[in-house]
Amino acid sequence: MSDATGSSGEPNRADAAAPPPRSLLFRLRFVIPVLVFAALAIIFAFQLGRQDDEHSRDLPSALLDRPMPDFALQALPGWSVGLTDEDIRAAGISMVNVFASWCGPCRVEHPIWVEYAKQPDAVPVFGLNYKDAPENATDWLKKLGDPYKQIGADQDGRAGIEWGVYGVPETFVIDKEGRIVLKHVGVMTREDLDKKILPLIAKLKG
Amino acid sequence: MSAELGHYALILALVMAVVQTTLPMVGAARRDALWMGLATPAVIGQFVFVSMAFACLMHAYVVSDFSVMNVAANSHSDKPLLYKFTAVWGNHEGSMVLWVWILAVYGLAVAAFGGNLPPTLKARVLAIQGFIGAGFLLFSLGTSDPFIRLDPAPINGNDLNPLLQDPGLAFHPPLLYFGYVGMSMPFAFAIAALIEGRVDPAWARWVRPWTLLAWCTLTAGIVLGSWWAYYELGWGGFWFWDPVENASFMPWLMGTALLHSALVAEKRDALKSWTVLLAILAFSLSLLGTFLVRSGVLTSVHSFASDPARGAYILGFLVFVIGGSLALYAWRAPALKATGTFKPISREGALLLNNLLLVVGCATVFVGTLYPIVLDAIDGSKVSVGPPFFDKTFVPLMAPALLLTAMAPFMAWKRADLGGVLQRIWLAALALAGAIALIYATHGGPIGPAIGIGITAWLFVGAIVEFADRLRLFRVPLAESMKRLAGLPRSAIGTTLAHAGVAVLAAGCIAGSAWRTETIGVMKPGDQATLGDYTVTMATIGEEPGPNYSAVVAEMRLMKDGELIDVMYPSKRFYPVQGQQTTEAAIRTSFMSDFYISLGDPDEASGGHGVRLYHNPLVPWIWIGAVVMVLGGLLSLSDRRLRVGAPARARARRAERPAEAGAGSKAS
Amino acid sequence: MRPVLILALALLLAWPMAVEAAVDRPLEDAALETRALRLHQEIRCLVCQGQSIGDSNAELAYDLRQLVRERLSAGDSDDAVLDYLHQRYGDFVLLEPPVNPGTYALWFGPPLLLVIGGLMVFLYHRRNRRPAAAVPAPLSEAERRALDALVGEDKP
């Protein structure tokens, strides 16, 4: 068929004989791999660009636009009431903040909540104390301030699971029908509050 | 001193690589022998300089020079010496130097053993190798320099991740990289062929040994990693369809398809553009794997620390290399004309079908691995594609593939008699039916795994029967069979071993997943736990110090039917420098199964420790099967006919055995 | 304030990797426990890097493992347990992706590729049957001379 040593001389006769004209469809097959790769490269470039956005890895809530889950939590020692879904429903438009004393980022965002609670137009913020030793939580709140209307102690994390919580801190926005309309994962910065949360609350208020 | 030397050596290597890329390529286009000849000294130069850089880095680790940032980040003076060596490649920067070094080794091998390659082909192949090397050297120097100094130097380092301080994992990267980088060889050949505009059987014969070498090392590397995960991670699992695992599996699948396709291209001058495409894709998948692991685009336990800047560079390089080669393919491949034709029922036909199944299998893994990324990019939804998906989509494809693998060696080239083949393979069919019946009788339950084992029995017996057939065993006197054995080409033995090895490995995987049993609980000294027929008693539990860790070790007595069969010592280690824990499971291996004990955390409530017991049937067969596969591959590699440069010898052999030449349809 | 925020954001990545969890308490009923262990392999640990809750030491994984055990003890079927988690955490928590319009390409892609590939192989064989493709061009004078030279070489 061709010499084993090969040569860079004239091409093999069989190749040189003019092949039958190849249909466009035939030629098209050869282009598919490079097109698939091009599409992938674009997607990779896009995903790479998003890496700086730490929220790109957040899990979207499965409960959006659904009624909030039923739950009933005990009070922290020293607080007179705990927290149930009825309490939140009764409060109309509100927010639920999942926090814990062992959580560093919670400590960072906590002043935002304390500040917000002082605003005259603030909606009630309910606290869900997640997988915490109650004494630690009460100490923490006494030291840093308590912005919450009511707090529920979710010691075993079950209520958190009902809400789809997978870490702390997380914040939910509830509308007047008791539906979850937004979930914010991670630290709530003042910018997040002003640019994302408060406009939404204003819209909910009508 | 050594760090600066190493850094300078890398720069010089880059210069060599650039020379290697440009001058020979231009020389080939101009048919200028002098310029083409420059490839060899450039390759040697690159090898020398990269080796120097590698040696300098290794030296810095061995003497624990913590003024080198890379050493400070990944080593510690208390670390055992072996792991000081292997920490060189246990991190991103060092592993890139290893990558480039292996690339230089392969380049050197082409320069040394490619004596009878036509000069233009050789020049182009080396030029392409040089281009890849230059790309990675630039990446290394630009974004991942291992020789950056720290000032002031810390007193001690951060230690290497304890999980990586392990003999199995120490050698997993080099083996794996020999495989990944090895795929650059058929890639270079493919690009050179496309540039030249011709793919002839001789080209296919040159491509095969390199592909085989890459395949052998890749197989070994993947299985070593799997074995490590099995005994180290403490859950008794050996394959998790993790994206990084998949990133190594895909080039392997493509490489296997390439091996068989190149066979057809060589013997029958058919499937040429397909073989070229496979060669491009195999290496492209290797590169893609590199990107996925180091860019942060994927979440995986295996990934190196992510850095979008590095990711961007690699992506750019990918676009150039993969995009460029696929574009070249789209442009030049349509002109490649095959002259061999064959019937659908023939060895080529069977190989083509096997290729189809392997490539679709690879595509399945590809889709499953990348789907979360693609979906996230498109609409932000997050979805998980885990083992259940791959079990449902990939595994069913492998069943017909394994069935075909037993049959193909029986089939003649160009056109085969299917009835005849099935007749000769009746023993394998018996094994298939027998295995299914036996398993169903003893285990009952889902028929799927039973059929799977049946198919592996078919393949194993089929491979043996085909081998016996070659020796005309039991049909001619034993002495003659032995003479035939002596005259058998090594690649024939290699094929049988490789196929039989696949069967054994697959059986181990199927049984290990389908019929493993597990029990977990809390145990204090004196407590007993049962798993199936086995009883485990915890005798004692205590603390033991190690060189750079402290351990909690339990003595567990394993009993079956009241008799003590073994005493096992699972433990948990704590490495204070990194603050990490590892589980050292205790495994009792027998030919048919593993008994696996893993020690968990202490339970304050009861004062005991968490314990996990696993019984993993046939799992040792995975490692055995893999060893047999690699042996088969290496044996085939040593076949003199695969080493180009022996056409005279081959002709002489053919003259000696005219009878064999007549039976040419069976020769492989 | 800025550096603190950056630190906090860095910690954000750290917080899900929680401390080692308490030890698993297996169920008394061996059959239920086997089902539980199998289900653990199908549920993703949300704060890990791709592992199932069965293969993870994270605290959330522990919580979810116990939850699975509780629901099985309460009489839920395997599907009901998975559905329970799916409702609260979405598609991501299931290691076997659900079949919905978002995943049609995932589930039907590979079989489709097999069909297309099979078709291409079929067409390839069909094209090969045409004899015209296999007829080589006649030898040129130079090639005939080269052939004679080679054939001559083999004569003893």
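One salt bridge joins the side chains of Arg25(C) and Asp603(B), at 2.5 Å from N to O. This is a predicted model, where local features need pLDDT of at least 70, side-chain atom pairs count only at pLDDT 80 or more, and totals for chains, interfaces and linings use all residues. Residues are numbered from 1 along each chain as its sequence is written, chains are lettered from A in the order in which they are written, and side-chain values use heavy atoms, with hydrogens and water left out.

Polar contacts also cross from chain B to chain C. The count is 7 residue pairs, both residues at pLDDT 80 or more. Such a contact is a pair of N or O atoms within 3.5 Å; within protein, one must be able to donate a hydrogen and the other to accept it, and residues adjacent in sequence count only if both atoms are side-chain atoms. Which elements of chain B give two or more residues to this side? They are helix H14 (347-379), helix H15 (387-393), strand E1 (517-523), E9 and strand E10 (608-617). Helices (H or I, at least four residues) and strands (E, at least two) are DSSP runs, numbered from the N terminus. H14(B) supplies the largest share, 10 residues.

In total, 45 residues of chain B and 41 residues of chain C take part in the contact, meaning heavy atoms within 4.5 Å. The two chains bury about 3700 Å², with 63% of it on carbon and sulfur atoms. Buried area is the accessible area (1.4 Å probe) that two parts lose on being put together, summed over both. On the chain B side, Trp235(B), Ser384(B) and Ile520(B) lose the most area to chain C, together 16% of what that side buries.

Now turn to chain A and chain C. Here 27 residues of chain A touch 28 residues of chain C. The buried area is about 2500 Å², and carbon and sulfur atoms give 64% of it. This interface holds 4 salt bridges. Among them, Lys131(A) pairs with Asp63(C), the closest N and O atoms being 2.6 Å apart. Helix H2 (24-49), helix H4 (104-118) and helix H6 (158-163) of chain A each give two or more residues to the side that touches chain C. H6(A) gives the most, with 4 residues.
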